[in-house]
Structure formats: C-alpha cells, structure tokens
Amino acid sequence: MKDLPQFIHFCLVSSSGLFHRFLQVKGPSVEWSKINRPPEDSIQPYDKIKAKGLPDNIADSLNKLVVVKLNGGLGTSMGCKGPKSLISVRNENTFLDLTVKQIEHLNKTYNADVPLVLMNSFNTDEDTKKILQKYTHHRVKIHTFNQSRYPRINKESLLPVAKDMAMTGENADVWYPPGHGDIYASFYNSGLLEQLIAEGKEYIFVSNIDNLGATVDLYILNHLVSQPNGKRCEFIMEVTDKTRADVKGGTLIQYDGKLRLLEIAQVPKAHVDEFKSVSKFKIFNTNNLWISLSAIKRLQEQNAMDMEIIVNPKTLDGDLNVIQLETAVGAAIKCFDNALGINVPRSRFLPVKTTSDLLLVMSNLYSLEAGSLTMSERREFPTTPHVKLGSSFTKVQEYLTRFESIPDMLELDHLTVSGDVTFGKHVSLKGTVIIIANHGDRIDIPAGSMLENKIVSGNLRILDH
C-alpha cells in the first residue's frame with residue numbers, strides 16, 4: 001500500500017494522547033508505599049445523604065440532570081449477536097427498554113425533562129440507532145454519540161495492525177473502542193456536551209447499561225445540586241461493600257493528597273493478594289458516577305483529564321499478539337474538585353454479565369415496577385443467592401431452552417448446576433442446591449419439584465410414554 005507510512009502516522013496521531021503516554025510511562029503507575037486509606041469524610045454513608053431528605057420541587061433538580069448509559073459492548077460473551085443492551089432480561093424487556101421506562105416514569109411522575117444519552121461504539125451504533133425508533137412516542141429525549149475507534153498495536157513492533165481504515169475483511173479485528181474513559185473526550189468532541197449545558201443541564205449520571213441497579217437516585221441528586229457554590233462537588237462515585245465475589249473490583253484510595261481509583265491492573269504483582277483482601281480494601285467502585293458537565297468542559301479545554309492507561313493484551317487470529325490501550329471513566333476522579341465517594345446499598349449494583357446473573361433477575365427474587373427491579377419483600381434476607389451455572393448454560397438461547405419456567409428462588413442461598421440439566425415448570429429451589437450431571441448423563445428436574453438442601457447427581461431422565 002503506497003500510503004502506508006501516512007496511514008500509520010494517522011493511526012498513531014488519532015490515539016496519540018494514549019499512545020504517547022504509554023511510551024513515556026515506565027514501571028507501575030502507583031507506588032504501593034504511597035497508598036493510604038481515604039479520609040473518613042471522603043466516603044459518606046448513603047444513609048447520611050438520604051437523611052437530608054428531598055426538596056419540595058424535585059423537578060427543579062431533575063431538570064439539571066442527564067442520564068448517560070455506556071452502550072459500547074456486544075452480547076458475545078452471552079452468545080448473542082449485536083449490542084448487549086438489546087438482550088431481553090425480564091418480561092421481554094431489554095436493558096434499553098428498562099432504561100427508557102425508568103426515565104420516562106421519572107419525567108411523568110415529576111413533570112420533568114431528563115434526557116437519555118447513549119455512548120455507543122462502532123460495534124453498537126448502527127443496531128442501536130435502528131431500535132431507537134420504537135421509543136419515538138415515549139416521554140424521554142434520546143441522544144447518542146460515538147466513542148473513539150483506535151487501532152490495536154502489534155506488541156512487538158508497536159505499530160498499528162490495521163493496513164487501512166476499512167472495518168471488514170482482514171481488518172475486522174484490528175480496531176477497538178478504547179474503554180469507557182473515552183467518554184470525556186468523545187462527549188466533548190461530539191458537541192452534545194455544549195448543547196446540554198446550553199439547555200441548563202448541570203450533571204450527568206453515568207452507569208453501565210447492564211447494571212440494572214443503576215437507577216436515578218433522588219437523594220444523591222439532591223446532595224449534588226444543594227451544595228454551596230464555593231464547595232460544589234464535581235464528581236461522586238458510588239461504591240459498595242466488597243464481598244468475596246468482588247475482589248477484583250477497583251477501589252478508592254488516597255494518593256498524593258487526592259481521592260483516586262485503584263484498579264487491579266495497576267497493582268504490582270507482589271501486592272495483588274493484598275489488593276483482593278476484603279479487610280484492607282473494604283469497598284469497590286460500582287461505576288455509577290455523578291459528574292459535573294461544566295467541570296468536564298473545563299478539564300477537556302485545559303487538557304487536564306488525566307487517567308491511568310490500562311494495557312490490555314489480546315491474541316488475534318494467527319496468534320498475533322497485540323495490545324489495546326484503554327482508560328476507565330472512574331479513573332478521572334482525581335481531576336475533579338471536591339470529589340466524593342458514597343457507600344450505597346448493594347442493591348444499586350446488579351450487573352448482568354452472565355446467564356447466572358440473568359437467572360437471578362428473571363426470577364421471583366425481584367419485582368419489576370416502572371422499569372426498576374427491586375428485591376422482593378417476600379425474601380426474608382436481603383442478600384442475593386450465589387448462582388453458578390455451568391458451560392451448558394453460557395449462551396442465552398441454550399439457557400432459555402433448559403428452563404420450562406424460571407424456578408421459585410425466594411428461599412435459595414446457593415445454586416450450582418453443571419452438565420446437561422433441564423428444569424420443568426414450577427420448580428422450587430431452597431437453601432443450597434447442587435445439581436451435577438456427569439459427562440454423558442442428563443438430569444431432568446421434574447415439573448413441580450421442590451429441592452431443599454439437596455445434591456442431585458448421576459442420571460435422571462423423565463421420558464414421555
């Protein structure tokens with residue numbers, strides 16, 4: 001290709017901020033000895049925020065808010081084609097349906113105007129825009145913008161793998177969206193940030209579209225908009241208490257006098273076990289973030305948005321080792337004034353990453369109202385059961401064929417299912433239930449069964465006669 005040098009130059013310039021910083025940074029991005037626990041007042045308990053109550057005119061606060069959902073991901077890990085946000089999760093509602101219903105409910109209830117903004121990637125933009133037509137008559141304005149498209153870099157030569165700008169054929173795997181930290185630059189460059197500021201919007205509430213617990217919280221919003229002018233909080237990160245399941249989640253630390261997000265990728269190998277410790281690092285980042293629009297504008301214009309680079313190694317077809325450089329949206333917390341963590345209830349973190357998560361949110365553990373899922377009042381304890389479905393359940397379509405109906409799980413503590421297992425209608429699971437079909441065996445749980453503290457293994461087939 002005659003113009004390859006110019007193309008390579010274009011690729012490296014297009015991702016230049018990240019790429020140049022990657023070349024300059026040597027060694028770990030944090031010195032372990034400089035890490036301190038955050039000061040007591042920098043992470044507030046949610047109950048303290050809630051105790052302030054709500055103002056008389058909630059619409060005034062809501063009219064300053066924009067909801068932003070990170071919508072760049074595909075459903076491939078759950079065996080689905082297209083954007084993950086278009087997977088059905090409850091009563092035929094997709095992630096996107098539930099989001100629109102939540103915001104529409106707010107707008108109707110309080111006579112407010114909260115818009116929805118979707119940050120798409122080149123992987124999700126086209127399919128998402130097609131589906132948005134179905135919301136034309138809903139009471140919510142929907143905007144979209146695209147995050148950047150960066151070239152994957154050959155690990156050995158540090159040159160872009162792409163030969164040209166094409167996205168198909170041999171170029172299909174050589175581009176990537178550079179993580180959700182790209183939101184600040186892409187939002188600013190799209191012109192949408194300026195437009196929303198001009199419309200009187202002051203804050204965005206950002207979250208992953210697959211976190212079904214990330215609904216607009218009026219108490220946190222009120223805390224933000226009621227701050228005195230000189231002490232305006234520009235960034236709130238919702239954190240929640242770590243459990244054994246969350247040991248890899250990023251945590252808040254005090255570093256060089258600033259509140260900072262520490263991700264597992266930044267931790268020196270010798271300290272990874274310490275990072276995972278529930279006793280030392282007690283909270284983790286839910287990626288529910290409340291951020292000042294004017295502060296994003298200021299930091300972008302001053303070129304002062306500083307986020308640690310995450311180097312993500314990948315292997316492409318043909319065993320080609322590449323790296324992709326990414327940033328995380330929460331890592332910018334150190335750039336904002338008067339940043340704050342709020343320790344929220346676990347219910348605000350309900351991500352659906354696997355079919356095991358999907359089983360929980362489809363079950364009677366949760367009630368659905370106006371697009372929001374809440375733990376059923378009929379469950380006697382507030383913790384969610386631990387569910388682990390085996391590889392036969394990984395893909396959504398296969399998972400759905402294995403349940404004639406979703407079991408009653410109100411009294412379930414722990415469920416492990418492995419192998420070729422199917423569930424009949426109206427099955428009830430209680431306590432700890434482990435079902436293991438060995439290779440070559442199949443287990444059909446009969447309709448109407450009640451399993452309480454049971455281990456089922458071997459071969460159990462229900463045949464019609």
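Author: The side chain of Asn222 reaches the backbone oxygen of Gly53, at 3.1 Å. This distance, like every other value here, comes from a predicted model. Asn222 belongs to helix H9, which runs over residues 218-225. Its relative accessibility is 10%, and because buried means under 20%, Asn222 counts as buried. Leaving out residues up to four places away in sequence, Asn222 touches Gly53, Leu54 and Pro55.

From H9 one may turn to the loop between strand E10 (203-208) and H9, where Asp210 is found. Asp210 is buried as well, with a relative accessibility of 6%. Residues up to four places away aside, Asp210 touches Lys84, Phe95, Leu350, Pro351, Val352 and Lys353. In the UniProt record, an unreviewed entry, the feature "binding site" is placed at Lys84, Gln147, Gly179, Asp210 and Lys353.

At 10% relative accessibility, Gln147 is buried. Its contacts, not counting residues up to four places away in sequence, include Gly179, Met119, Asp182 and Ser186.

The unreviewed UniProt entry also gives the annotation "binding site" to His180. This residue is in the loop between strand E9 (175-176) and helix H7 (183-190). With a relative accessible area of 26%, His180 is partly exposed, because that class lies between the limits of 20% and 50%. Beyond its neighbours within four places in sequence, His180 is in contact with Leu70, Met119, Asn208, Asn287, Thr327, Ala328 and Val329.

In helix H6 (residues 125-132), the buried residues are Asp125, Thr128 and Leu132. Seen down the axis, these fall within an arc of 70°, so they line one face of H6. The face turned away from this buried side carries the exposed residues Glu126 and Lys130. The buried residues of H6 pack against strand E2 (65-71), helix H5, strand E5 (116-120) and E6.

Helix H11 (residues 293-301) has Leu293, Ala295, Ile296, Leu299 and Gln300 as its buried residues. They cover an arc of only 160° around the axis, which means that they are on the same side of H11. Among the elements that cover them are H7, helix H8 (192-198), E10 and strand E14 (283-292). Just after H11, Asn303 takes a positive phi of about 55°.

Finally, there are the nonpolar cores. The largest holds 70 residues, of which Leu62 and Phe423 touch the most other members. Helix H5 (residues 95-110) supplies the largest share of this core, six residues. Apart from this core lies another, of 37 residues, including Val68, Phe235, Leu289 and Phe336. As for Phe423, its contacts outside four places in sequence are Phe393, Arg402, Phe403, Glu404, Pro407, Val417, Leu429, Ile435 and Ile445.

Notes. Residues are numbered from 1 along each chain as its sequence is written. This is a predicted model: local features need pLDDT of at least 70, side-chain atom pairs count only at pLDDT 80 or more; totals for chains, interfaces and linings use all residues. Side-chain values use heavy atoms; hydrogens and water are left out. UniProt positions are given in the numbering used here, feature names are shortened, and annotations may be inferred rather than shown by experiment. Helices (H or I, at least four residues) and strands (E, at least two) are DSSP runs, numbered from the N terminus. Buried means under 20% relative accessible area, exposed over 50%, partly exposed in between (1.4 Å probe, protein chains only). Contact means heavy atoms within 4.5 Å. A polar contact is a pair of N or O atoms within 3.5 Å; within protein, one must be able to donate a hydrogen and the other to accept it, and residues adjacent in sequence count only if both atoms are side-chain atoms. A nonpolar core is a set of buried Ala, Val, Leu, Ile, Met, Phe, Trp, Tyr and Cys residues joined through side-chain atoms within 4.5 Å. The arc is that of the directions from the helix axis to the C-beta atoms.
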